[in-house]
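The stops below follow one another as a series of selections.

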Amino acid sequence: MLKEESKFPSLLNEGGSSIPSNRLEQIVAMTEKLTTADGRHQTLIPFLSISRYSHQTPPIPVVLAPSFCLILQGTKKVHLGSHIVHAGAGDFLISMIDLPASAQVNGAAQEYPYIGLRIDFTTQEIASVITEAQVKVSPRDKKANIGAFIGASDTDLLDVFIRLLKLIDKPEEEVRYLSGFIKREMIFRLLSGNYGHLFFQQVFFDQQADGVGKAISWIKENFARSFTVEELAKAINMSVSGLHHKFKTITTMGPLQYQKQLRLQEARRLMLSGSMDATTAAVEVGYESSSQFSREYRRLFGLPPLQDIKALKKHSAADLLEKSGILSFR
């Protein structure tokens, strides 16, 4: 179950209901028919992938993309700014925006690997379900406005995953046609369940005229160049104070810290792919000083650039980064 080390948007099943372990075991058995190898594996369903790790990983700073990640077996530790949570079998993590974070698989072993499922989605898909199903959600906590949240799955949600995985054995046209309907049902159940108020408000935080979604898009497009918060605020028609407050509420960090993390994440990806050395990668992502790059890189990842890349490859963590796809934000 989920254990919080600091305040983080979450809501366990009301009434203390237990996780439906029999369904989790059924889904684990279904994934093992698809893969027994470590890494992230794309299924025939375009938006569904399986992650499996038979070893503990070091903390891996990543950029979470909009997605729904369900843990079937094992545990994962997730850092979002100053927030830290432990999520276990039956818990899920939903990210509504591109969000710098750090993730670590804990306690995995050959006989008991970490297994998780990931569904990629867009806020447009969620908005479409809300409109067509006429979902009405009342916000419960206006302060719980972070761009990601954790929850505990229930029987209905796990049954949706079972039906989705069963599709993989069907003809390609059936997979392509029906998987979309099942995905929409999954979104509907999340919106109409215990976590709907969290799911709903994240979809519309930009439409509510706070401009944070526009700010994130602007930073992603301009992360390799220097800019001021004043310039960013002017570009999206917000006040500096309003931008600072709302941006930090949703992302847990300020705009310039967000930019820095995107820069360092991209530099790490470039070095890990073997396409660039540290100096070239630093320049590519906008650093003018190699010493500043090394200093900030070490502060985020714990090691200087070359040592970090060497350690990642030695501990197979490179596979987690390369195959996850969550660092590709350009």
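Begin by selecting Thr-251, which belongs to helix α9 (residues 240–251); helices (H or I, at least four residues) and strands (E, at least two) are DSSP runs, numbered from the N terminus. This is a predicted model, in which local features need pLDDT of at least 70 and side-chain atom pairs count only at pLDDT 80 or more, while totals for chains, interfaces and linings use all residues. Residues are numbered from 1 along each chain as its sequence is written, and side-chain values use heavy atoms, with hydrogens and water left out.

Thr-251 counts as buried because its relative accessibility is 0%; buried means under 20% relative accessible area, exposed over 50%, and partly exposed in between (1.4 Å probe, protein chains only). Display the polar contacts of its side chain (pairs of N or O atoms within 3.5 Å; within protein, one must be able to donate a hydrogen and the other to accept it, and residues adjacent in sequence count only if both atoms are side-chain atoms). A polar atom of the Thr-251 side chain lies 2.8 Å from the backbone oxygen of Phe-247, and the side chain also reaches the backbone oxygen of Met-253 at 2.9 Å. Leaving aside neighbours within four places in sequence, Thr-251 is in contact (heavy atoms within 4.5 Å) with Ile-97, Leu-99, Ile-216 and Tyr-258.

**Two loop residues**

Thr-252 is not a glycine, yet its phi is positive, at about 70°; with 14% relative accessibility, Thr-252 counts as buried. Then select Asn-237, in the loop between α8 (229–235) and α9. Asn-237 also has a positive phi, near 60°, in a residue other than glycine, but at 72% relative accessibility Asn-237 counts as exposed.

Now colour α10: 14 of its 18 residues are buried, so the helix is largely enclosed by the rest of the structure. Just after α10, Gly-274 takes a positive phi of about 85°.

**Aromatic rings**

Select Tyr-287, Phe-293, Tyr-297 and Phe-301, which form one aromatic cluster. Rings of Phe, Tyr and Trp (its six-membered ring) pair if their centres lie within 6.5 Å; planes under 30 degrees apart count as stacked, over 60 as edge-to-face and the rest as tilted. The structure holds 8 aromatic pairs. One of them, Tyr-297 with Phe-301, is tilted, at 4.5 Å centre to centre and 55° between the planes. Both residues lie in helix α12 (residues 290–301), 4 residues apart, about one turn of the helix, and both are buried.

Finish with two charges over rings (NZ of Lys or CZ of Arg within 6 Å of the ring centre and within 35 degrees of the ring normal). Arg-263 lies over the face of Tyr-287, at 5.4 Å from the ring centre. The charged end of Lys-183 sits over the ring of Phe-47, 4.5 Å from its centre.
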